[in-house]
Amino acid sequence: MLKNQITLILVLITLVCISFQPVSATTSLNETNATIVSDLNQTAGKDLISLVDTTRLDIGNHQFFDVVWSPDGNHMLIDTFVSAYPKGEYQPGGIDALYAANEDGSQLTRIAWTERTSREEGRAITAPMWSHSGDYFSYLYLEKGNWYQIKSAHLFVMSNNLNFIQKIELDPNVESESDPSNFKWSPNENKIAAFIPGKITIYDLDENNNVSFSIPGDNVDITNLEWSPDGKKLVILKNNHDVITLDIEKRQTIPIFSAENVGGVQWSPDSKKILFYELKTSKQGNDLSYDMYVKDEAVEKPLKIRTFNSGFLSMKQWYPDNEKFLIRVSSGGSYTLYSLSMTGDLKKLIEGNGNLDGMVTPNGHIVTTSPNPGSRIPPYTRTYDLSLLNGTDRLTIENVAYHAWKDADMLFVKDNRVSVLNTSTKDTCDIALPSTNSGRISLDPSGRFIAVDNIIFGLHEQGSYIRTTGGNDMNITTPKVGILKNDMTEHSETKTKTEPAKLPGFTAIPACMGILIALARMHMKK
């Protein structure tokens with residue numbers, strides 16, 4: 001009996017070793033193929049171009065597609081733009097359009113579109129975002145006046161089956177159109193916090209109710225609005241002066257700190273600390289200093305932990321241990337990354353030129369980026385060097401065109417190839433793309449698909465088969481675009497019948513295919 005058990009164990013070990021053969025940091029896994037399944041330029045792109053009134057507008061040479069996957073990876077939002085301007089009068093602007101589709105690009109539906117081709121007035125659609133569960137999504141609709149000044153802002157909330165849920169009028173003071181400060185989704189519930197003139201309201205979409213917190217004062221500007229990672233509180237920065245927390249369960253407004261100029265407000269990953277700085281200037285206005293403060297929930301008042309008397313300070317990111325924070329100090333063309341402890345200790349990590357930047361990975365490593373000089377050879381691709389820092393160890397990847405993250409794994413584009421780097425083991429897997437257009441990338445959370453600019457690739461093991469839908473390299477009919485009936489913008493169409501493209505068979509593709517297979521192999525070494 002014992003002999004048989006030992007034999008069985010050895011057989012299982014052999015099978016595991018065959019299935020999950022590890023790789024070294026200098027080799028690559030080439031067992032994942034990428035197949036074009038959808039070319040968004042042939043679907044959303046053509047529909048977007050059709051929205052340009054060519055009787056009065058010229059079409060520019062700038063067009064982009066930004067794919068935003070739902071958390072479960074079953075749906076995508078496609079934020080698109082094409083430059084357009086009055087004939088013979090070049091100026092910034094163009095056509096925005098937002099689409100929704102299945103994970104493979106099928107059943108594409110236009111949600112809304114806007115035009116901004118005049119300096120006197122225009123409209124924009126921006127910042128599409130999913131709720132925590134993926135049951136809902138939102139986008140921002142802006143109306144602009146002279147020289148693109150925002151006159152009004154509305155947040156539209158919809159369900160993932162494209163039913164209209166709510167329209168919320170927001171405060172029009174938007175710090176960044178791509179990352180607005182006047183609304184934020186909860187990190188763990190289907191709730192959204194919105195800054196409405198005079199108050200902040202939290203909408204609970206599942207329970208269909210809301211709670212509001214009054215924000216008194218004239219000309220109030222919220223320059224920072226952040227959920228605590230546990231979803232129980234909010235921190236706001238009012239007029240760059242006042243740090244305030246909002247306890248949602250207790251419905252309490254709690255002032256934390258007030259000064260002439262405050263910034264950099266960030267929650268710790270455990271939701272127990274808030275870090276921020278007070279910026280001071282000399283009477284002559286030439287000298288700057290930053291006083292760093294941390295507010296721990298266990299103490300009544302914030303504690304000043306360190307002062308920086310030179311350079312410009314940039315707040316980056318908490319370490320996952322909740323005890324350190326990554327900052328960048330720039331001075332005279334030199335950039336330095338530091339690790340700052342909550343006791344005020346400072347550790348220099350790396351120094352460089354050319355706008356050195358950095359971030360903290362989920363496993364506590366540091367990734368830095370340093371731009372390279374722009375290429376003078378078509379297609380004029382801008383690249384940068386990436387470095388992974390772990391104590392004294394340093395791994396550098398040169399001439400990267402783009403990178404993104406999936407948990408602790410880094411995806412990057414280099415030489416027309418998407419690679420995945422496991423930042424813990426430094427193992428890599430490579431995916432050769434059957435396309436020459438490598439730039440903005442976005443991985444489907446399920447690991448079955450990856451978007452590279454306007455192309456959706458299916459990821460699969462060698463020898464397996466994936467179906468395809470419309471694209472340049474496919475001799476099939478281009479799918480039609482459905483048009484959503486709604487009253488969200490003045491441009492919305494009134495068609496009620498959609499003609500979705502169907503892509504049979506994709507729901508049968510198991511989630512363990514594609515890049516998840518490669519990641520599983522790498523993580524076997526942990």
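User: In this predicted model, is S271 buried or exposed?

Analyst: The model is a prediction, and the description below applies to it as such. S271 lies in the loop between β19 (262-267) and β20 (273-281). Its relative accessible area is 8%. Since the buried class covers values under 20%, S271 is buried.

User: Which loop holds N322, a residue with a positive phi?

Analyst: N322 is not a glycine, but it has a positive phi of about 65°. With a relative accessible area of 13%, N322 is buried. The residue is found in the loop between β23 and β24 (324-331).

User: Which residue takes a positive phi in the hairpin of β31 and β32?

Analyst: Strand β31 (residues 402-406) and strand β32 (residues 409-414) run antiparallel and are joined by five bridges. Within this pairing, W405 has M410 of β32 as its bridge partner. Two residues stand between the strands of the hairpin, and the positive phi, near 55°, belongs to D407.

User: Which residue of β6 stands opposite Y99?

Analyst: Strands β5 (residues 94-102) and β6 (residues 109-116) run antiparallel, with seven bridges between them. Across this pairing, the residue of β6 opposite Y99 is R110.

User: How far apart are the closest N and O atoms in the salt bridge of R56 with E115?

Analyst: The two residues come from distant parts of the chain, 59 residues apart: R56 is in the loop between α2 (44-50) and β3, and E115 is in strand β6. R56 is partly exposed at 39% relative accessible area, whereas E115 is buried at 13%. A salt bridge requires a side-chain nitrogen of Lys or Arg within 4 Å of a carboxyl oxygen of Asp or Glu. For R56 and E115 the closest N and O atoms are separated by 2.8 Å.

User: Which strands do D357 and K316, joined by a salt bridge, come from?

Analyst: The side chains of D357 and K316 meet with an N to O distance of 2.8 Å. The pair links parts of the chain 41 residues apart, namely D357 in strand β27 (residues 357-360) and K316 in strand β23 (residues 312-318).

User: In the salt bridge of E189 and K191, what is the relative accessible area of K191?

Analyst: The side chains of these residues meet at 3.5 Å, N to O. E189 is partly exposed, at 34%. K191, by contrast, is buried, with a relative accessible area of 15%.

User: Which residues gather in the surface patch of negative charge?

Analyst: D72 belongs to this patch and is located in the loop between β3 (57-69) and β4 (75-86). Its relative accessibility is 37%, so D72 counts as partly exposed. The residues gathered in the patch are D72, D135, D206 and E207.

How values were computed
Residues numbered from 1 in each chain as written. Predicted model: local features only at pLDDT ≥ 70, side-chain atom pairs only at ≥ 80, totals over all residues. Heavy atoms only, no water. Patch = residues over 30% accessible without salt bridge, like charges linked within 9 Å, V, L, I, M, F, W, Y side chains within 5 Å. Areas by Shrake-Rupley, 256 points an atom, 1.4 Å probe, with all protein chains shown as cover. Lys, Arg positive; Asp, Glu negative; His and termini not counted. Charge placed at Lys NZ, Arg CZ, Asp CG, Glu CD. Helix = DSSP H or I, 4+ residues; strand = E, 2+ residues; numbered from the N terminus. Buried < 20%, exposed > 50% of the residue type's maximum accessible area, 1.4 Å probe, protein only. Pairing = 2+ DSSP bridges.
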